[in-house]
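Have the coordinates open as you read.

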Amino acid sequence: MTHEEILAMLGDYVDYLIANSSAEAPMWNIEKVRSGKPNKWNYIDGCMITACLSLYKTTGDEKYLNFSKSFIDSFVQEDGSIKTYDPKEYNLDNVNQGKNLFTLYDIFGEEKYRKAIETIRSQLATQPRTKEGNFWHKDIYPWQVWLDGTYMAQPFYMEYETRCNGMHGCIDSYKQFMNIQKHMKDPKTGLYYHGYDESREMYWADPETGCSANFWLRAMGWFLVAMVDVLERMDDMLYYEYRAIMSMLKDAVDAMIAFQDAESGMFWQVIDKAGVEGNYLETSGSALFAYAVLKGVRLGYLPKRYAACGEKAFYGTCDRHLGVGADGALQLGGICLVAGLGGATRRDGSLAYYFSEPIVENDAKGVGPLLLAYTEILAARKK
């Protein structure tokens, strides 16, 4: 497909997803569809609504805004409570959708959105932390920091502290990134390990470093986007901290570029294990890389020459995995459904584990990032 054909197809694809989704039954939440259970407030829908709101901001087409508002309004109550969300569950994933409340509040000014923002902020006020001060990924994973959690919580946290709290927590957010750099960055490759256990007690944790064993692509992708999104929300009066996160972002992108597949422009499910049996070029992490790099270039956090790497990842992912399925409907494939560390299923962070998780179509963990990268392509064309 030509680039023009890809962009046209993506426009049709997002229309198809929206037409076949509601807050009760979003077709892009494959885990929820497979479970057969009612939908809840969750980060997967958060990814998709973030993409829809970004499409609205970029194109001005109100169908994206109307859908997003309707979706979130089915959860957010007039008193600021959020159906199915419990702050005391202490799950960082549940903070992700909170970013979208700021956008809706800015557009519509409805007080329920501001109250709901406070509801989510109340979780972070008492979220358990490591001894060094990082949020635990979840209450059920004590002493653990996952790269995923930076994307889930830090942009919301930084925006709240900048806009609503006199920047009081901004340095706290910055320090959490610095602790991740200190403990989770591999000195050889510059990549970051998926998880870190401060207690060193989990079966997946290295007894010396506390880190998990491998570099999972989507976790690294979440982390790149987290840095870009936090910089976007950070007051540049915090000059030293701002420059430090920007430098950390560039170093991490440089580390990733070294492992970008030359032919497809995509990245491998376990980043540094190209060609190992069972490994594959994965959609969601490749799309997250594309989005982080293209947005980072647009906002001046990365040199302009990096845009070529982002575009290569974007178009390469579309070439390989965007198309028409057996049922004649548009689909995006090659998406790792889920991966984590620990829990009853003994997710041990091994290569075999990362290669064993299901590969699916149309899941928002891949679709959302690809549509966000699409909005960056559209924004660049409008200049």
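The questions below concern a predicted model.

Q: Is helix H1 parallel, antiparallel, perpendicular or oblique to helix H14?
A: H1 covers residues 3–19 and H14 residues 364–382. Their axes lie 11 Å apart, at an angle of about 130°. Roughly perpendicular ends at 115 degrees and roughly antiparallel starts over 145. The angle falls between those limits, so H1 is oblique to H14.

Q: Is the crossing of H1 and H14 left-handed or right-handed?
A: The two helices pack against each other. The crossing of H1 and H14 is left-handed.

Q: How many residues of the contact of H1 with H14 are nonpolar?
A: H1 contributes residues including Leu 7, Leu 10, Val 14 and Leu 17. From H14 come, among them, Val 367, Leu 370, Leu 371 and Ile 377. The contact also holds 2 polar and 2 charged residues. The nonpolar count is 10.

Q: How are the rings of Trp 216 and Tyr 354 arranged, stacked or edge-to-face?
A: The ring centres are 6.0 Å apart.

Q: How many residues apart are Trp 216 and Tyr 354?
A: Trp 216 sits in the loop between strand E2 and helix H9. Tyr 354 belongs to helix H13. The pair links distant parts of the chain, and the separation is 138 residues.

Q: Is Trp 216 buried or exposed?
A: Its relative accessibility is 1%. Buried means under 20%, so Trp 216 is buried.

Notes:
Residues numbered from 1 in each chain as written. Predicted model: local features only at pLDDT ≥ 70, side-chain atom pairs only at ≥ 80, totals over all residues. Heavy atoms only, no water. Axes fitted to C-alpha atoms, helices over the stretch in contact; angles between N-to-C directions. Helix = DSSP H or I, 4+ residues; strand = E, 2+ residues; numbered from the N terminus. Parallel < 35°, antiparallel > 145°, perpendicular 65-115°, else oblique. Left-handed = near helix turned anticlockwise from the far one by under 90°. Contact = heavy atoms within 4.5 Å. Nonpolar A, V, L, I, M, F, W, Y, C, P; charged D, E, K, R; others polar. Phe/Tyr/Trp six-rings, centres within 6.5 Å; stacked < 30°, edge-to-face > 60°. Buried < 20%, exposed > 50% of the residue type's maximum accessible area, 1.4 Å probe, protein only.
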